[in-house]
Amino acid sequence: MVKILVSDSLSKEGLEILENSGYQVDVKTGMSEDELCSVIGDYDCLIIRSGTKVTAKVIEAADNLRIIGRAGVGVDNIDVPAATAKGILVMNTPSANILSAAEHSCAMLLALARNIPFAHESMHKGEWKRSKFTGVEMNGKILGIIGVGRVGGEVAKRMKAFNMTLIGYDPFLPKEVADAIGVRLTTLEEVITTADFMTIHTPLLPETRNMISLEQFKMMKPNARIANVARGGIVNEDDLYTALKEKIIAGAAFDVWCNEPLTEDEAKLLELDNLVTTPHLGASTVEAQERVAVEIAEHAIMYLKDDIISNAINAPRGKLDAETEPFVVLAERMGSLVQQTVGNHPLNKLEVSYCGSLAGKPTKLLTVSAVIGYLKNVIGTANTINALPVAKSKGVEVVENSNPESKDYASVIQMKFTSQGVEHSIRGTVIGGQNRLVGFDEFSFDIPFYGHMMFVGYDDAPGVIGIVGNNLGKAGINVGQMSVGRSGKKALMFLTVDHEVPANIMSTIAAEVPTDYIRAVRFVE
């Protein structure tokens with residue numbers, strides 16, 4: 001008998017779908033890690049929300065587990081690499097709570113502007129202090145949206161009705177998409193320095209962690225107010241406390257936190273009289289909870305009954321032939337290299353060509369894998385279900401074609417990509433089961449494609465290899481392999497390194513080498 005464990009509260013509509021499947025369904029909420037470990041071995045499927053932490057320890061104890069279903073978007077509470085290593089499918093519901101999160105963001109902004117929670121508390125104490133809770137109008141103010149994606153875009157549509165001027169920072173969103181919803185794209189610095197109200201809608205990535213710290217708070221207007229219904233950790237909470245306590249900014253409204261529930265140290269934030277707080281309620285509406293519960297229940301049952309995979313964070317590679325299968329990882333890494341090459345600029349077009357023996361084969365999954373690789377550092381997570389729609393929503397044109405000719409290798413994937421009117425191309429192949437990067441623009445070379453890497457484009461001259469190697473050596477960074485491609489008077493050097501190359505080392509090398517561009521990139525599983 002297939003057994004399903006529901007370890008967080010789930011709406012009755014979702015539970016009914018699970019119970020009507022004919023499988024055994026047990027609801028056990030509020031368990032500790034050890035308690036979950038003690039029972040998880042009996043179950044084939046685990047359905048959770050944000051309360052359950054599915055750690056490596058839990059996964060190790062999950063002898064029969066085939067699927068973890070997250071009723072919601074974020075999977076920070078799941079050790080996805082551990083689940084993947086054990087062959088456990090992880091699913092989420094990426095779009096079911098977008099509207100609820102957007103509406104909660106608007107509600108937080110309004111509550112902050114009009115001091116509603118504080119006035120409410122005062123009234124319930126029997127007080128009548130109208131002047132103490134004088135608020136500010138939204139009308140005519142500047143709203144800065146950090147992350148103008150699906151939730152941020154819905155917030156923009158709603159707040160536009162308040163006659164606000166909408167500006168936004170989203171390096172991955174084309175201008176025309178933002179224009180269509182009335183948001184003027186600009187720099188993060190302009191949003192921070194000019195906005196009267198700010199709202200955050202970015203994923204939590206290494207690049208966005210502590211994006212807003214004391215330095216940014218000091219750049220804001222004294223009357224600035226900021227809301228975060230995205231992820232804890234994007235705003236440094238210690239610096240938030242300082243900014244509010246010292247009245248560097250006027251107020252904040254937060255729904256998400258680094259630790260949930262808050263730790264004893266973090267609870268000092270609750271003493272502030274200019275901070276509106278909610279306990280991660282962005283998706284907590286009747287409608288959203290019903291949608292996420294129904295969606296995760298339906299998709300979990302489809303997988304358990306018929307092996308149909310949808311909304312998968314770590315979807316298996318699919319049924320590809322023996323020749324095509326090894327290229328899935330290559331395609332994803334090449335997509336990641338595309339993103340790391342264009343950096344914080346929108347990608348306009350991605351053209352994926354399959355050359356040689358790959359031509360004419362079913363390669364759709366390879367193209368999707370390339371888009372997933374591109375999106376990893378843009379939205380945090382992407383999967384085989386949402387990758388192409390998300391790319392389309394960000395204005396990326398994805399094109400797939402084939403070419404039976406391949407000059408130097410039996411099979412090659414080539415990706416041409418355009419950003420800000422500039423086109424680049426990269427080429428990769430698989431040799432003996434190893435991913436190899438074999439070309440970048442007009443340069444040809446051959447180097448393993450994994451881990452931490454860096455590349456340097458420069459005017460070809462003696463001594464450059466020595467300069468690069470010497471600087472890396474002084475920094476204690478070991479070089480694994482190096483390959484140089486030359487074209488005319490130009491050269492491009494690619495290296496694999498044991499550790500990420502810090503920005504200051506990159507700057508030192510750039511100052512000593514006549515470089516066109518230099519970049520550190522990473523391809524970490």
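These legends describe close-up views of aromatic pairs, charges over rings and nonpolar cores in a predicted model.

The model is predicted, so local features need pLDDT of at least 70 and side-chain atom pairs count only at pLDDT 80 or more, while totals for chains, interfaces and linings use all residues. Residues are numbered from 1 along each chain as its sequence is written, and side-chain values use heavy atoms, with hydrogens and water left out.

**View 1. Phe449 and Phe523, an edge-to-face pair.** The structure holds eight aromatic pairs. Rings of Phe, Tyr and Trp (its six-membered ring) pair if their centres lie within 6.5 Å; planes under 30 degrees apart are stacked, over 60 edge-to-face, and the rest tilted. Helices (H or I, at least four residues) and strands (E, at least two) are DSSP runs, numbered from the N terminus. Phe449 is buried at 1% relative accessibility. Phe523 is buried too, at 6%. Buried means under 20% relative accessible area, exposed over 50%, and partly exposed in between (1.4 Å probe, protein chains only).

**View 2. Phe455 and Phe494, a stacked pair.** The ring centres lie 4.9 Å apart and the planes are at 25°, so the pair is stacked. Phe455 belongs to strand E19 and Phe494 to strand E21 (residues 490-497), so the pair ties together parts 39 residues apart in sequence. Phe455 is buried at 2% relative accessibility, and Phe494 at 0%.

**View 3. Lysine charges over tyrosine rings.** The charged end of Lys268 sits over the ring of Tyr241, 4.7 Å from its centre. Lys305 places its charged end over the ring of Tyr23, also 4.7 Å from the centre. The cut-offs: NZ of Lys or CZ of Arg within 6 Å of the ring centre and within 35 degrees of the ring normal.

**View 4. Two nonpolar cores.** A nonpolar core is a set of buried Ala, Val, Leu, Ile, Met, Phe, Trp, Tyr and Cys residues joined through side-chain atoms within 4.5 Å. The largest has 45 residues. Leu350, Leu375, Ile413, Met415 and Phe494 have the most contacts inside it. Helix H14 (residues 364-379) gives the largest share of this core, nine residues. A second, separate core of 30 residues includes Ile192, Ile212, Phe217 and Tyr241.
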